[in-house]
Amino acid sequence: MKINKKISLSLYYQLLRIRMVEERIAGLYPEQEMRCPVHLCIGQEGVAAGVCANLDKRDYVLSNHRSHGHFLAKGGDLKAMMAEIYGKASGCSRSKGGSMHLIDLSAGFLGSTPIVAGVIPVAVGVALGTSMKKEKKVTVCFFGDAATEEGVFSESLNFASLKKLPVIFICENNLYSVYSPLSVRQPKDRDNLAIAMGYGVRAEKGDGNDVASVYQITKKAVREARRGKGPSFLQFDTYRYREHCGHNFDHELNYRTTNEYDHWFKRCPLDNFERKLIRQGILDKDYIGRVREKIGNEIDGAIKFAKGSLLPEKEEVFSDIYAP
Amino acid sequence: MRKLTYAQAILEATDQCLANDDSVYIIGLGVTDPKGVFGTTLGLEKKYGKRAMDMPVAENGMTGIAIGSSLVGMRPILTHQRVDFMILSLDQIINNAAKWHYMFGGKLKVPLVIRLLIGRGWGQGPQHSQNLNSIFAFVPGLKVVMPATAYDAKGLLISAIEDDNPVIFIEHRWLYGISDNVPEKMYREPLGKARIIEKGKDVTIISSSYMVLEAMRAGKILKKYGIGAEVLDLRSIRPLDEESIIRSVKKTGRLVVVDGAWRSFGISAEVIALVAEKGCGMLKSAPRRITFPDTPTPTSPALAKYYYPRAIDIVNSVRSMFGFPEKTEEGAGMVSNIPLDVPDKTFTGPF
């Protein structure tokens, strides 16, 4: 299945925008003004862009600590995200959450949390809620490979399948949990797809660095969910370029080989898709230049907004502990 | 007024909330089984269909699922037959339920009630009778309610279900069979407000849940000795009704805190710390705490009798404040022929 020009351009735009935002954060982080951990998704943008391109505004997304890309791809407000990372009162979580706790209700982004797998059952619950209310919505949950090692992953698959809930589990397999590779965490022949299918959940895997393929695989899952056919588990292999947490490269730690890194770097989701679209005559240098400029201006504006926003007042410590 | 048992009061509160609001649902192991969580959920499935659900044995996952549904407008009631199983869900309770509202700047709320059972006796032992109330009360963002009477069980449960925050609703198995005047209509008792059960001027006895009954028994005996005990039922331990505690202690000048849970770092420690901080100089004698010892619950009734404090322990604690010698249960006229491991003669185990 070939994807049309309009969708291709929109996928490209998302990839580039996420990349440019993340690169900007990496550039500004050393200023010490963003005083919270950041988990950059540079290298993994293909999954966020490909998955969310299938969702409507009414659909819901929940995510983990590495959520900037998911937030942006779902239509989350960039200014509010940047202000949140800068700890400002105008941030999307009113400065209470920081980079690891993004939310944008108007975009259907219901929250991101860093306790690995903690958000998976919550997403299933969101799908349960929408189905009890007979709303035609799909809920997507992003998590990493390590989350599949937690008990709630299985608990969530089981219940989602039992109730045929419209939820899509997206596993971004970037091969590492902080510095721990898959080899020390999962048996060699572990097959997450088989695990999901064992619960009666349809499962598929794909190349997370090929945005078009992510888009197409997810499209089927979204269609099934909308038709009341229940949950899907999708695993996309991908790779993060930077350190687990922070803005640096971490080659000196030697937990990843240069070969491995180069292999994935050559498979950059952005560069490869750009080349492909140029080959197909969909993109040209002029167009790329204009899009880069547009996104660059948008990011400038967001950073200006964030830096110029007020820090929260003391009272904010004590507000929102309980809902009124 | 008609009488209902504590269990019937919980069932009626749940039933009325389910009828009143389509977004309320109840889920938990055994909700639809023939015993219906000690009778508190009987008949709900027949009336409300899928809004009364059994569930997989997956405490943490199911808590997250209940949380997720609450984020999009449902009002789940999650039940556990023993608190000991609920410990498996502390991740979701502490990391998500308690924090979602705060960490996202008040943009979403978690109107979730988690009902759980505590309780002594009949050899329930180390993993079937713990009372972990202070673990939950420690966490900002959670409310913790521990009703002692059928009237409060209904009024507080309705308030808990209608509250927009996660509420841990702690029920004691020995209270289920105890009857009380309970109005038929829906009524609400405020969360975070204590109740004075018995007025008195000489000593304040503060307790919650089942231990309120022991405190009331103690109050009656103390009256015989000319000591007026003010018995305060906390009803909620978070928020803690500091004002009522301080007001009573100010009046009596003496304080005994009774908690059906462990001693160290518990409610008794918190209440005494509060009085030390805010009521310094009010006390005429050192405060006392009557609690479980800091050991796991032993199973054999031969050991359990040394584990669970009773009214006589409260009586003696108060008597000692006034310089009176200890009494035995017999000496205090408290002898009953009910064994110590059952709530009353009708209870013959094993569940």
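1. H1(A) and H10(A) cross in a left-handed sense; that is, the near helix is turned anticlockwise from the far one by less than a right angle. The model is predicted: local features need pLDDT of at least 70, side-chain atom pairs count only at pLDDT 80 or more, and totals for chains, interfaces and linings use all residues. Residues are numbered from 1 along each chain as its sequence is written.

2. H1 covers residues 5-28 of chain A and H10 covers residues 269-279 of chain A; their axes come within 10 Å and cross at roughly 150°. Axes are lines fitted to C-alpha atoms over the stretch in contact, with angles from 0 to 180 degrees between N-to-C directions.

3. On the H1(A) side, the contact (heavy atoms within 4.5 Å) uses Ser8(A), Leu11(A), Tyr12(A), Leu15(A), Leu16(A) and Arg19(A). H10(A) supplies Pro269(A), Leu270(A), Phe273(A), Glu274(A) and Leu277(A).

4. By class, this H1(A)–H10(A) contact has eight nonpolar, one polar and two charged residues. Ala, Val, Leu, Ile, Met, Phe, Trp, Tyr, Cys and Pro count as nonpolar; Asp, Glu, Lys and Arg as charged; the others, Gly among them, as polar.

5. Chain A holds 11 helices and eight strands. These are DSSP runs: helices H or I of at least four residues, strands E of at least two, numbered from the N terminus. The radius of gyration of chain A, taken over C-alpha atoms, is 19 Å, close to the 20 Å that the globule rule (2.2 Å times the number of residues to the power 0.38) gives for 324 residues, so chain A is as compact as a globular protein of that length.

6. Of the 324 residues in chain A, 58% are buried, meaning under 20% relative accessible area with a 1.4 Å probe, protein chains only.

Note on methods. Chains lettered and ligands numbered in written order. Heavy atoms only, no water. Buried < 20%, exposed > 50% of the residue type's maximum accessible area, 1.4 Å probe, protein only.
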